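Thanks for coming, everyone. Please look at the structure on the screen before I start talking.

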Amino acid sequence: MDPLWWSAWFIMLVWIFILPYNIPGQRNKKDSPLDVLLKRYAAGEIGKEEYHERKRSLR
């Protein structure tokens, strides 16, 4: 293969495997149970009492 093609392959592999994991849409870490609970509380899916009760049980 031409050196230009080898360079293109190398850049593509670096882009896929070595770049940081926090790129949107790639390898996002899982939310902790407390994060999920906080998001549900912020969205209004659960009330204040239920939030504090579940938070106590998770800790």
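Ground rules first. This is a predicted model, where local features need pLDDT of at least 70 and side-chain atom pairs count only at pLDDT 80 or more, while totals for chains, interfaces and linings use all residues. Residues are numbered from 1 along each chain as its sequence is written, and side-chain values use heavy atoms, with hydrogens and water left out.

Now the make-up. The chain has 3 helices and 0 strands. The pattern along the sequence is α-α-α. Helices here are DSSP runs of H or I with at least four residues, strands are E runs with at least two, and numbering goes from the N terminus.

How much of the chain is buried? Of the 59 residues, 5% are buried. Buried means under 20% relative accessible area, exposed means over 50%, and partly exposed is in between, with a 1.4 Å probe and protein chains only. The accessible surface comes to about 5,600 Å². Carbon and sulfur atoms hold 63% of that surface. Areas come from Shrake-Rupley with a 1.4 Å probe, and for residues only the protein chains shown count as cover.

On to the surface. A nonpolar patch is formed by Trp-5, Trp-9, Met-12, Leu-13, Trp-15, Ile-16, Phe-17 and Ile-18. Together they have about 890 Å² of accessible area. Patch residues have over 30% relative accessible area and no salt bridge; like charges are joined within 9 Å, and nonpolar side chains (Val, Leu, Ile, Met, Phe, Trp, Tyr) within 5 Å. Take Leu-13. Leu-13 sits in helix α1, residues 3–17. Its relative accessibility is 43%, so Leu-13 counts as partly exposed.

Next, packing. Two packed helices are described by the angle between their axes and the distance between the axes. The axes of α2 (residues 33–42) and α3 come within 10 Å and cross at roughly 180 degrees. So α2 is roughly antiparallel to α3. The contact involves Pro-33, Leu-34, Leu-37, Leu-38, Arg-40 and Tyr-41 of α2, and Lys-48, Tyr-51, Arg-54, Lys-55 and Leu-58 of α3. Axes are lines fitted to C-alpha atoms, for helices over the stretch in contact, and angles run from 0 to 180 degrees between N-to-C directions. Under 35 degrees is roughly parallel, over 145 roughly antiparallel, 65 to 115 roughly perpendicular, and the rest oblique. Contact means heavy atoms within 4.5 Å.

Now Tyr-51, in helix α3. Tyr-51 is buried, because its relative accessibility is 11%. Leaving aside residues up to four places away in sequence, Tyr-51 touches Leu-37, Leu-38, Tyr-41 and Ile-46. Tyr-51 and Tyr-41 are 10 residues apart in sequence, yet 6.4 Å apart in space, C-alpha to C-alpha.

Last, salt bridges: a side-chain nitrogen of Lys or Arg within 4 Å of a carboxyl oxygen of Asp or Glu. How many does the structure hold? There are 2. One joins Arg-40 and Glu-45, with the closest N and O atoms 3.1 Å apart. Arg-40 is partly exposed at 29% relative accessibility, whereas Glu-45 is exposed at 55%. Another pairs Glu-50 with Arg-54, at 2.6 Å from N to O. These two are 4 residues apart in helix α3 (residues 48–58), so about one helical turn separates Glu-50 and Arg-54. Glu-50 is partly exposed at 31%, and Arg-54 is partly exposed at 34%.
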